[in-house]
Amino acid sequence: MDGIIIRKAILHVLDNGNRGIVLSNSLLNLRDEQMDFIHNLIGKIHGNDNSKHGKFNPETSFIYKLIQDMNEEQEESFIDTSQEIAKLLFSCISNAEDVPSGDLLVLTYRFEGGKYLALLKLNYKSSYTQLINQSEDGVVTSLIRNTTLLPSASTRPTEAAIIKLSDLSIRLVEKKYNVDGTKVNYFSESFLGCNTELASKKKLNLLDRIIRSVTTKYYDGITSQMDAKSALLKDYMEDKEIDIEGVGAKLFGHSPEMKSEYDEKIESYDMQNDYIKIENDTTVKKLEKMVIVTDLGIEISIPTEIYNRMADVEIKESESEGSQVIIKNISSMHLK
């Protein structure tokens, strides 16, 4: 991830096994390869439409109070704050049945004019390595299992938060684990003490599914579904975000019954007044083509842009005579 300038970083050990919690008293002295490792980890969260947005509960969040009191400019204040954060996270891990042990990487960095605090929990992975011993017969090698290896740079952290220090807004990823017999989001609820909303990519998938459900119920054939998908892409292309209420009005405003069902489904996910803000164009890739699957097993992939030019694609749907997909103005063809 280009443009990141790491200011301070420290690593604490949170091992539910024999080592327990080990707090570092010194900042990491990072080299180029280690910088690249951290940049890759941050890039998996910062600007990723799979990550969630969160907001602290100021009255109940200990992390919120710690960050407010931290003086990031002072090394001692940063280290002390990171240690207190590590203690809080370790207490959450200790109370959960299946949360894996790991190291907590705490760092501050600058990116595009803003200053951020990152809390990256690096869960241990297990693998084999060699052990070399000297015996009376010479060198003896054996295989041993190392259970405290850190994840690779290509692996997205399972639990991590990026906090913008100017407004304390949160970007996070997390996974549900068993706590007292119930699967919960301990990272956001117990550790960070924040409220979260669905990730943009998940919102888009839900919206696509809801639109398809409503159109399928009230319309026969596939054309209405394709028109709806096309409208969804157009809405994004115009504003680089999707107005969920606006999309519903455009697609179903002509039918009070359809609009009512759409609104009910949207409200069930608490998205009625929401906008889907897309930061990565790859998130809308699924909207950029229509894939038709026939009962003969034939798949036809039509770019949405081509579909919008009705002069090039014609779909005739008929139950009695069978449906037809006619593709016109083809200059050449080749086998993929």
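How many aromatic pairs does the count come to? The count comes to 6 aromatic pairs. Rings of Phe, Tyr and Trp (its six-membered ring) pair if their centres lie within 6.5 Å; planes under 30 degrees apart are stacked, over 60 edge-to-face, and the rest tilted.

This is a predicted model, where local features need pLDDT of at least 70, side-chain atom pairs count only at pLDDT 80 or more, and totals for chains, interfaces and linings use all residues. Residues are numbered from 1 along each chain as its sequence is written, and side-chain values use heavy atoms, leaving out hydrogens and water.

Take Phe187 and Phe191. Their pair is tilted, at 5.1 Å centre to centre and 50° between the planes. Both lie in helix α4, 4 residues apart, about one turn of the helix. Helices here are DSSP runs (H or I, at least four residues), and strands are runs of E, at least two, numbered from the N terminus. An α-helix has 3.6 residues a turn, so residues three or four places apart point the same way. Phe187 is buried, at 1% relative accessible area; Phe191 is buried at 3%. Buried means under 20%, exposed over 50%, partly exposed in between (1.4 Å probe, protein chains only).

Now turn to helix α3, residues 75-94. Its buried residues include Phe78, Ile85, Leu89 and Phe90. The buried residues of α3 pack against several elements, among them β1 (5-15), β4 (102-111) and α4 (186-192). Contact means heavy atoms within 4.5 Å.

Asp36 sits in helix α1 (residues 32-43). Asp36 is partly exposed, with a relative accessible area of 44%.
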